Amino acid sequence: MKTISKIKGFLLAILLLMIGMQNLFAKPIIIKGHTSAKFRDSIYLHAYRYISDFVVYNKEKTLVAATKPDSNGFFRISYNGTGASFYMVNSGKTSIFRNAHLEPGDTLFIEIADTSYTGLAQTFPIFHYYGSGAYSINYENKLRQQQLPGGKEHKNGGMVYYEFPDYSLSMDSFLSFVSREKEHNDSFMNKYFKDVKVPPSFASIARINNEYDLKHQMLTYLWRHNMKRKKPLKVEPVYFNFITEADLHNENALGSYLYYNFIRDYSNELWTEKILHL
């Protein structure tokens, strides 16, 4: 019995040593850069670390690191994450990036430059992203540039922006648009991930995000279409056929923030439709 206890103690010591060595040599996520003199507020890093962070976003709870640029405008954040996840960085009320996928060992360099838009009372910064951790942001920017036309135009001061997608479309037109959007995005991702090297974990979660984003758009349409009338759109149960049992219990999607958006809105719509059909 003493021999067995000694062996167990020895194995436990080895296990603790291995865990300690793993933590010792774990590669941190590095976010560093330079900001112009007009944007020298503290910089905050937020991360989705737990499932609860996806379900109910809490800004204070997700805060994992902060720093203030030095007198020359340089800043640096080092964070030892436990795995790949989505991160947000902001400075004051300015979002530097949102929902960027980063893994341990990634380094992201950010240049924050001055610019001003004619006709607007305030100045907005322009961001440039470099380094091994820029793959997620570059992908999202490229995807937005490749989006199908179909957004509804709005004007605000000297800026023109587009609501995407256009929820004012008729149901048939909207569903046709979503179908074309899926085909378009699938084709874009197939080519992009063939031409650009990204971590396999990001390529996988990007495809999952795309699937749930489109399904979420179809749920959002039900209340956005008639928003001005302040009355939800009543549909027959067959409308929800685009949702499968696998969509609702997808373990591979637990790291996708869009999965939780979809789950939340699906439960809300089921309740709304139940009331409308009373």
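This is a predicted model: local features need pLDDT of at least 70, side-chain atom pairs count only at pLDDT 80 or more; totals for chains, interfaces and linings use all residues.
**Exercise 1.** Determine which side chain meets Glu211 in a salt bridge, and where in the chain the two residues lie.

*Solution.* 
Step 1. The side chain of Glu211 pairs with that of Lys182, with an N to O distance of 2.7 Å. A salt bridge requires these atoms to be within 4 Å, so the pair qualifies.
Step 2. Glu211 belongs to helix H6 (residues 200-224), and Lys182 to helix H5 (residues 171-195). The pair is 29 residues apart and links distant parts of the chain.
Step 3. Glu211 has a relative accessible area of 30% and is partly exposed. For Lys182 the value is 30%, and this residue is partly exposed.

**Exercise 2.** Is Lys215, which forms a salt bridge with Asp247, buried or exposed? Locate both partners in the chain.

*Solution.* 
Step 1. The closest N and O atoms of Lys215 and Asp247 are 3.2 Å apart.
Step 2. Lys215 is in helix H6, whereas Asp247 is in helix H7 (residues 245-248).
Step 3. The relative accessible area of Lys215 is 13%, and the residue is buried. Asp247 has a value of 10% and is buried. Both assignments follow because buried means under 20% relative accessible area.

**Exercise 3.** Classify the accessibility of Arg264 and of Asp265, and state the N to O distance of their salt bridge.

*Solution.* 
Step 1. The side chains of Arg264 and Asp265 meet in a salt bridge with an N to O distance of 3.7 Å.
Step 2. Arg264, at a relative accessible area of 37%, is partly exposed.
Step 3. Asp265, at 13%, is buried.

**Exercise 4.** State how many salt bridges the structure holds, and which residues are joined into one network by shared partners.

*Solution.* 
Step 1. The structure holds 5 salt bridges. Among them is the pair Glu211 and Lys182.
Step 2. Salt bridges with shared partners join Lys182, Asp186 and Glu211 into one network.

**Exercise 5.** Describe the location of Asp166, its accessibility, and the polar contact made by its side chain.

*Solution.* 
Step 1. Asp166 is found in the loop between strand E10 (159-163) and H5.
Step 2. Its relative accessible area is 11%, and Asp166 is therefore buried.
Step 3. The side chain of Asp166 makes a polar contact with the side chain of Ser168, at 2.6 Å.

Key:
Residues are numbered from 1 along each chain as its sequence is written. Side-chain values use heavy atoms; hydrogens and water are left out. Helices (H or I, at least four residues) and strands (E, at least two) are DSSP runs, numbered from the N terminus. Buried means under 20% relative accessible area, exposed over 50%, partly exposed in between (1.4 Å probe, protein chains only). A polar contact is a pair of N or O atoms within 3.5 Å; within protein, one must be able to donate a hydrogen and the other to accept it, and residues adjacent in sequence count only if both atoms are side-chain atoms.
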